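Please take the sequence and the structure that follow together, and keep both in view while reading the paragraphs below.

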Amino acid sequence: MIAADVNVAQNVGFYIIAAIMVYAGLRVVSTRNVVHAALWLVTVLGGVAAQYVLAAAEFVAVSQVMVYIGAVMVLFLFGIMLTRATIGAEGDLNNRNWAMGIPVALALVGVMAWVIIDEYGSSTIAEPETVMPTEAISDIYLREGLVPFLALSFVLLAAAIGAIVLARKD
Amino acid sequence: MYAVNFLLLGAVMFGLGVFGVLARRNAVAVLMSIELILNAVNVNLIAFALMNNSAEGHVFALYVIAVAAAEVGVGLAMVLMIYRNRRSIALDELSTMRG
């Protein structure tokens, strides 16, 4: 039974993107080739950006595309290329007792799904009239969120300096 | 839009990331799994922002994105340094600090 305020097209789009994301996520953690894992991760991150658009969060979606797909994935590919002589399938990508991760992850997902369905099982989200305006986000950043914002700048500065110091040859 | 959609998607992505962190031996693959976990959290934050029609979830998600970028930078620099010193980034070989 479909509730009255549920947009069917939005839900169909969500399920298609979610199916692609879950399959790509499975490949990220199961493929034998670390370069393929990085490229499947691009699919997951692009799917997350698409879900942000569906959730009326366009500024976060654009940030996701620029920061994750643009910058972080390039870093990952550089990291793979610089630490692996062989490009191709590798037998030792997993731990010896990697199968122990399956029950742990399944138990975790089971508990979380139980709690979520128990709490939000029948509730729906009203369709937003407009996307979240970027002014609203910037208002929070420059008023009550100003101190964390400045702290975040220092975190990024420290991370940049730390990365240079760590990776430098001397 | 059903409220459970985004939250269940976030839970599944979180589980996949936890499995990757536990199962993977390659340090770069573990960092990728951590990205999955952080994105699962971000999906949840955006979903709650949509539920409450508030911009604060978006601000938190942007903080998480920035911190994740910093984390990847430092993490990959550490992986490169470990690779230079040991010619391997297999995490189970880094047992020098074992008690």
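**Where the two chains meet**

Ala57(A) touches Tyr52(A) and Met132(A) in its own chain and Ile46(B), Ala49(B) and His58(B) in chain B, leaving aside residues up to four places away in sequence; two residues are taken to be in contact if their C-beta atoms, placed from the backbone, lie within 7 Å. This is a predicted model, in which local features need pLDDT of at least 70 and side-chain atom pairs count only at pLDDT 80 or more, while totals for chains, interfaces and linings use all residues. Residues are numbered from 1 along each chain as its sequence is written, and chains are lettered from A and ligands numbered from 1 in the order in which they are written.

Ala57(A) is also one of the residues that touch the most other members of the largest nonpolar core, a set of 74 residues, and Ile46(B) is another. Such a core consists of buried Ala, Val, Leu, Ile, Met, Phe, Trp, Tyr and Cys residues joined through C-beta atoms within 7 Å, where buried means that 20 or more other C-beta atoms lie within 10 Å of the residue's own, against 12 or fewer for exposed, with partly exposed in between. Among the elements that give two or more residues to this core are α1, α2, α3 and α6 of chain A and α1, α2 and α3 of chain B, helices here being DSSP runs of H or I with at least four residues, numbered from the N terminus. The largest share, 14 residues, comes from α1(B).

In chain A, α3(A) has 26 residues and reaches 36 Å from its first C-alpha to its last, close to the 38 Å expected at 1.5 Å a residue, that expectation being 1.5 Å times one less than the number of residues. A kink of about 30° is centred on Val72(A), the bend being the angle between axes fitted to the seven residues ending at a residue and the seven starting there. Val72(A) is among the buried residues of α3(A), as are Tyr68(A) and Phe76(A), and what covers these buried residues includes α2 of chain A together with α2 and α3 of chain B.

On the side of chain B, Gly57(B) lies in helix α3, residues 56-86, and counts as buried because it has 24 C-beta neighbours inside 10 Å. Gly57(B) touches Leu45(B), Ile46(B), Phe48(B) and Ala49(B), again not counting residues up to four places away in sequence.

The contact between the chains takes 75 residues from chain A and 62 residues from chain B, and α3(B) gives the most to chain B's side, with 21 residues.
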